[in-house]
Amino acid sequence: MSKQRANLGFGDALSDLSAFVPTPKTAPKDKATEEAAVAAGFVSREPKAPEQTKPQRRRRTGRNVQFNIKAKPETIAAFYEIADANGWGLGETLEHAVDLLAKNNKP
């Protein structure tokens with residue numbers, strides 16, 4: 001058995017590929033193709049913008065210490081409601097609550 005590769009018939013055409021530039025593939029963007037895909041049940045893989053159903057509560061504020069507590073679901077829901085109603089992040093809401101409690105507990 002020979003260890004030499006079979007000749008594919010290209011000759012020296014493939015010896016210098018420095019000028020080769022591949023053409024980018026583009027998908028056809030016509031209505032008929034899109035309708036056929038929908039009718040066949042194919043789902044688009046194009047990225048979709050995320051839906052903003054919940055307010056974004058994460059902010060860069062310099063608060064970097066985590067505070068975990070257990071609470072009743074109603075208490076947590078009320079806390080989130082207060083934060084959302086005022087446009088505050090959760091850390092900011094906690095700071096406001098602590099400030100109010102500190103003011104009310106001074107002798």
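Trainee: Where do I start: what do the side chains of Glu95 and Arg63 meet in?

Mentor: They meet in a salt bridge, 2.8 Å from N to O. The term stands for a side-chain nitrogen of Lys or Arg within 4 Å of a carboxyl oxygen of Asp or Glu, and by this rule the count comes to 1. The pair ties together distant parts of the chain, 32 residues apart: Glu95 sits in helix 3, Arg63 in the loop between helix 1 and helix 2. Helices here are DSSP runs (H or I, at least four residues; strands would be E, at least two), numbered from the N terminus.

Mentor: Keep in mind that this is a predicted model, where local features need pLDDT of at least 70 and side-chain atom pairs count only at pLDDT 80 or more, while totals for chains, interfaces and linings use all residues. Residues are numbered from 1 along each chain as its sequence is written, and side-chain values use heavy atoms, without hydrogens and water.

Trainee: Why does Glu95 count as partly exposed?

Mentor: Buried is under 20% relative accessible area, exposed is over 50%, and partly exposed lies in between (1.4 Å probe, protein chains only). Glu95 is at 40%, so it counts as partly exposed; Arg63, with 40%, is partly exposed too.

Trainee: And why is Ala32 exposed?

Mentor: Because its relative accessibility is 51%. Ala32 belongs to helix 1, a hardly covered helix with 0 buried residues among its 10. Just after helix 1 comes Gly41, with a positive phi of about 90°.

Trainee: Why does the span of helix 2 agree with what it should be?

Mentor: The expected span is 1.5 Å times one less than the number of residues. Helix 2 (residues 73-86) has 14 residues and should therefore span 20 Å, and its end C-alpha atoms are 20 Å apart. Gly87 follows helix 2, with a positive phi near 70°.

Trainee: Which element gives the most to the lining of the largest pocket?

Mentor: Rolling a probe the size of a water molecule over the atoms shows where empty space is left. A pocket is an open set of points on a 1 Å grid over the protein atoms alone, where a 1.4 Å probe fits, with protein on both sides within 12 Å along at least five of seven lines; lining residues have an atom within 4 Å of a point. The largest pocket has a volume of about 890 Å³, the space filled by probe spheres set on the points. Among its 22 lining residues, Phe67, Phe79, Leu90, Gly91 and Leu94 are the closest to its centre. Helix 2 gives the most to the lining, with 4 residues.
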